[in-house]
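The following account leads through the architecture of a predicted model.

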Amino acid sequence: MRVVKVTSFGDPEVLVPGEAPEPVAGPGQVVVDVSVAGITFVETQIRRGVDRWHSRPELPYVPGGTVAGRVGSLGEDVDPGWSGRRVIAGTGEGGGFAERAVAAVEDLVPVPEGLGLPEAVALHTDGSTALGLVEGARIRPGEWVLVEAAGGGVGSLLVQLARAAGARVIGAARGARKLELARDLGAEVAVDYSDPDWTDQVREATGGTGPDVVFDGVGGEIGRAAFEVTADGGRFSVHGASSGQVTVIDPARARRREIEVIGIEQLFGFGPRMGRWAERVMSEAVAGRIRPIIGQTFPLERAADAHALIESRGALGKTLLLI
């Protein structure tokens with residue numbers, strides 16, 4: 001079967017189309033005929049060999065931790081009712097950039113009627129993460145919420161979920177297309193953090209106090225600046241480091257300003273609840289209350305182009321491989 005493999009750690013060009021043996025489902029597993037494979041920014045860092053949060057895969061490896069398709073075959077002790085069902089499947093540490101992938105039954109989430117497989121993948125990991133972040137930040141109606149990377153997969157969903165919680169949302173992103181998207185999704189204010197005075201714009205929008213909640217998915221200089229503009233007594237929630245550097249806040253400084261820092265470690269506790277959150281966020285999409293943003297799709301053999309676009313910060317919303 002067709003796959004894309006990472007042959008060495010490095011630039012996107014190390015993603016190479018190839019062939020692999022047909023997978024076989026073991027006990028408690030299924031084989032999914034893959035229609036869509038998701039991509040996350042973290043996967044690009046793993047490919048480069050610079051990610052600090054996951055074990056380094058043994059080369060060569062097939063990336064891709066989330067796929068959608070129909071269940072094609074079943075292993076022992078698997079309920080026959082799974083056969084032929086449309087599902088999202090977590091493939092663990094990889095294996096999704098392929099025509100078929102193995103997944104454990106406990107890592108399957110049925111895709112509801114009325115939702116396409118691409119939309120389901122766009123919602124699964126990013127939507128579950130966004131829902132968990134919003135729950136952890138305890139947003140209250142009327143609060144100002146700043147969402148970094150508001151034009152990305154997680155950020156675009158955070159804008160919508162914060163708005164649904166009754167917040168007044170500021171979307172921060174880079175470039176006119178992403179700012180326009182943030183406004184379209186419900187952000188009351190959109191600021192470009194390539195502008196030197198972007199934090200001044202945030203302060204002005206909030207009447208000088210700063211946002212009550214900040215969702216930091218960028219880190220680095222932008223994350224540190226976002227903390228400085230957070231309102232005293234607010235919450236600063238860290239979930240990503242697309243800049244390459246996680247925002248680290250001096251605990252003493254946070255205490256002086258009575259800011260609750262919800263660190264990136266919060267993600268480690270999300271695992272057991274991701275399936276439940278995925279079902280909730282997909283139901284919201286079917287009801288028309290959440291809109292997944294799929295900015296661009298690529299065929300399997302162009303996985304390297306998809307990774308390159310994500311790393312260039314040129315991707316809008318979610319990037320998917322269609323197989």
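Two strands are said to pair if DSSP finds at least two bridges between them. In strand β10, V189 is the bridge partner of I170. The chain reaches β10 from β9 by way of helix α4 (residues 176–184), and this β-α-β crossover is right-handed. β9 and β10 (residues 189–192) run parallel and are joined by four bridges.

Together with helix α3 (residues 153–164), β8 and β9 make a right-handed β-α-β unit. Strand β9 itself, spanning residues 168–173, is mostly covered, with five of its six residues buried.

These pairings belong to an open sheet of six strands, whose order is β10-β9-β8-β11-β12-β13 and whose pairing is parallel. Because β10 and β13 stand at the edges and each has a single partner strand, one side of each is left without a neighbour in the sheet. On average, neighbouring strands of this sheet are turned by 15 degrees against each other, direction ignored.

Helix α3 touches β8, β9 and β11 (213–216), and its direction makes about 170 degrees with that of β8. Helix α6 (residues 220–229) lies across β8, β11, β12 and β13, running at about 165 degrees to β12.

How many of the residues of α3 are buried? The number is 10 of 12, so the helix is largely enclosed by the rest of the structure. Among the buried residues are G153, V154, L157, L158 and L161. The elements that cover the buried residues of α3 include α2, β8, β9, α4, β11 and β15 (318–322). From its first C-alpha to its last, α3 reaches 17 Å, close to the 16 Å expected at 1.5 Å a residue. Just after α3, G166 takes a positive phi of about 95 degrees.

The interior can be considered next. In soluble globular proteins, nonpolar side chains tend to be buried together. Here the largest nonpolar core has 43 residues, and those with the most contacts inside it are L123, I139, V145, V147, L158 and F215. Two or more residues are given to this core by each of α2 (117–137), β8, α3, α4, β11 and α8. Helix α2 gives the most, with nine residues. Leaving aside neighbours within four places in sequence, the contacts of V145 include I139, A162, V169, I170, V213 and F215. A second, separate core of 34 residues includes V4, V14, L300 and I310.

Is Q266 buried or exposed? Its relative accessible area is 15%, and buried means under 20%, so Q266 counts as buried. Apart from neighbours within four places in sequence, Q266 is in contact with L133, S237 and V238.

Conventions: Residues numbered from 1 in each chain as written. Predicted model: local features only at pLDDT ≥ 70, side-chain atom pairs only at ≥ 80, totals over all residues. Heavy atoms only, no water. Buried < 20%, exposed > 50% of the residue type's maximum accessible area, 1.4 Å probe, protein only. Right-handed = clockwise from strand over helix to strand, strands pointing away. Contact = heavy atoms within 4.5 Å. Axes fitted to C-alpha atoms, helices over the stretch in contact; angles between N-to-C directions. Core = buried A, V, L, I, M, F, W, Y, C linked by side-chain atoms within 4.5 Å. Expected span 1.5 Å × (residues − 1).
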